[in-house]
Structures are given as C-alpha cells and as structure tokens.
Amino acid sequence: MTSISDTSDYKTVGFSQTTITELMIPSYSNFGGKIHGGILLSLMDKVAYVCAAKHANNYCVTASIDTVDFLHPVEVGELVSLLASVNYVGNTSLVVGIRVVSENIKNNSVKHTNTSYFTMVAKDEDGKPAKVPGLILENREQVRRFIEARRRKEIKQSYMKEVEQIQMPDNYEHCIELLHGERCLVAG
C-alpha cells in the first residue's frame with residue numbers, strides 16, 4: 001500500500017463512477033414479454049467500459065464477467081439504471097462492479113435486478129496492455145469492495161486450475177458408471 005501523500009498516479013473511486021439510465025422499450029423484449037437478458041448484458045458492458053476507460057485514460061476491453069444472475073425480470077416501460085464503479089485495480093486490469101436496478105415509474109417501485117463484476121483490461125495505442133492508475137479508497141465500503149474483488153480473483157484463479165485438471169476417464173465403462181443417476185441416455 002502506498003502512503004496517502006504519493007497520489008500522483010492514483011484516482012478516487014468517485015472519479016470514474018458512472019451511471020447509465022435507459023428506458024426499456026418493446027423492441028428490447030423477448031418472447032415472454034420481459035426485457036431480453038442480452039440487452040441488459042450489452043448495457044452492463046457499455047457502463048463497464050465507460051467506467052474503466054475513465055479510470056484508465058485508455059481504451060479498455062472486457063476480459064471476463066463474473067456471474068450474471070438475473071434476480072427479477074425487467075418489464076417494458078421500466079427505467080433501468082446501471083451503477084458502475086471501479087472496485088479493484090491490478091497492473092493493467094480493473095474490476096468494475098455494476099449494480100442494476102429497474103424502476104417502475106407508474107407505481108414508484110424499485111427493484112435490484114442483478115449485480116455483476118466485469119474485469120476490464122486497458123490497452124494502449126498499439127493494442128498492448130497499459131498500466132492503470134492505482135485506486136484511492138476513501139471509506140470502509142470501498143475497502144470492503146477492493147478486498148472482496150481481490151478474493152474473487154483468487155477464487156477464480158483456483159477454479160481455473162481445477163478446470164484444467166478435468167479429464168475424461170480413458171475407461172469407457174467407467175464413464176458409463178459416472179453417468180449413473182444422471183438425466184441422460186447413452187445410445188449404442
């Protein structure tokens with residue numbers, strides 16, 4: 001951790017916080033009449049980019065998205081607000097936390113539809129990873145978010161190591177045994 005007097009290459013969380021609000025129109029709906037998840041993902045990617053680019057002073061690309069769980073459907077006619085802030089920075093990457101809320105303007109009800117974390121990588125003019133400014137944490141909430149983002153990163157790295165170890169057994173009969181109790185049929 002750097003001392004508070006050396007902040008020349010650091011920015012506050014508030015510097016790049018971004019909110020995008022958009023009205024959900026009928027062309028955004030799916031066959032069930034609810035707003036299509038892909039529309040919401042696109043808006044989340046857009047707000048993550050703006051937030052990350054403001055902090056990095058560079059073009060940023062989406063490297064990964066931690067889980068996106070849709071907690072409540074979004075209806076046509078609701079206002080959707082996406083609130084984004086930089087929760088964590090590495091050398092060339094940033095984790096942008098996004099909270100999505102929808103508001104029914106007829107009855108003034110507000111619901112939290114999802115929270116997600118986008119890992120963005122800053123790129124320089126040549127398309128190479130670019131160093132990002134550090135982050136000035138000004139309160140307990142920002143400290144909590146930074147620590148949680150770092151912990152999610154550690155868990156993700158551990159998970160990726162586990163995934164690399166997944167292999168199909170060489171013994172076909174053993175494979176068939178592993179499928180016992182699953183909802184599948186093996187033909188042939």
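The largest nonpolar core holds 34 residues, and M24, L82, L94, V96, I98 and M120 touch the most other members. Such a core is a set of buried Ala, Val, Leu, Ile, Met, Phe, Trp, Tyr and Cys residues joined through side-chain atoms within 4.5 Å. Buried means under 20% relative accessible area, exposed over 50%, and partly exposed in between (1.4 Å probe, protein chains only). At least two core residues come from each of α2 (37-56), β4 (79-89), β5 (93-104), β6 (109-123) and α3 (140-164). Helix α2 gives the most, with 8 residues. Helices (H or I, at least four residues) and strands (E, at least two) are DSSP runs numbered from the N terminus.

The model is predicted: local features need pLDDT of at least 70, side-chain atom pairs count only at pLDDT 80 or more, and totals for chains, interfaces and linings use all residues. Residues are numbered from 1 along each chain as its sequence is written, and side-chain values use heavy atoms, without hydrogens and water.

Contact means heavy atoms within 4.5 Å. Leaving aside neighbours within four places in sequence, I98 contacts M44, V47, A48, L82, L83, A84, N114, T115, S116 and F118. S16 lies in helix α1 (residues 13-16). Its relative accessible area is 0%, so S16 is buried. Beyond its neighbours within four places in sequence, S16 is in contact with C51, K54, H55, A84 and V86.

The count of disulfides is 0, a disulfide being a pair of cysteine sulfur atoms within 2.5 Å. The sulfur of C60 lies 9.4 Å from the closest cysteine sulfur, in C51, too far for a bond. C60 is buried, at 3% relative accessibility. For C184, the closest cysteine sulfur is in C175, 11 Å away and again too far for a bond. C184 is partly exposed, at 38%.

Salt bridges number 9. Each is a side-chain nitrogen of Lys or Arg within 4 Å of a carboxyl oxygen of Asp or Glu. K34 pairs with E75, their closest N and O atoms 2.8 Å apart. K34 lies in the loop between β2 (18-23) and α2, and E75 in the loop between β3 (59-65) and β4, so the pair ties together parts 41 residues apart in sequence. D66 forms a salt bridge with K156, with closest N and O atoms 3.9 Å apart. D66 sits in the loop between β3 and β4 and K156 in helix α3, so this pair ties together parts 90 residues apart in sequence. D66 is buried, at 19%, whereas K156 is partly exposed, at 30%.
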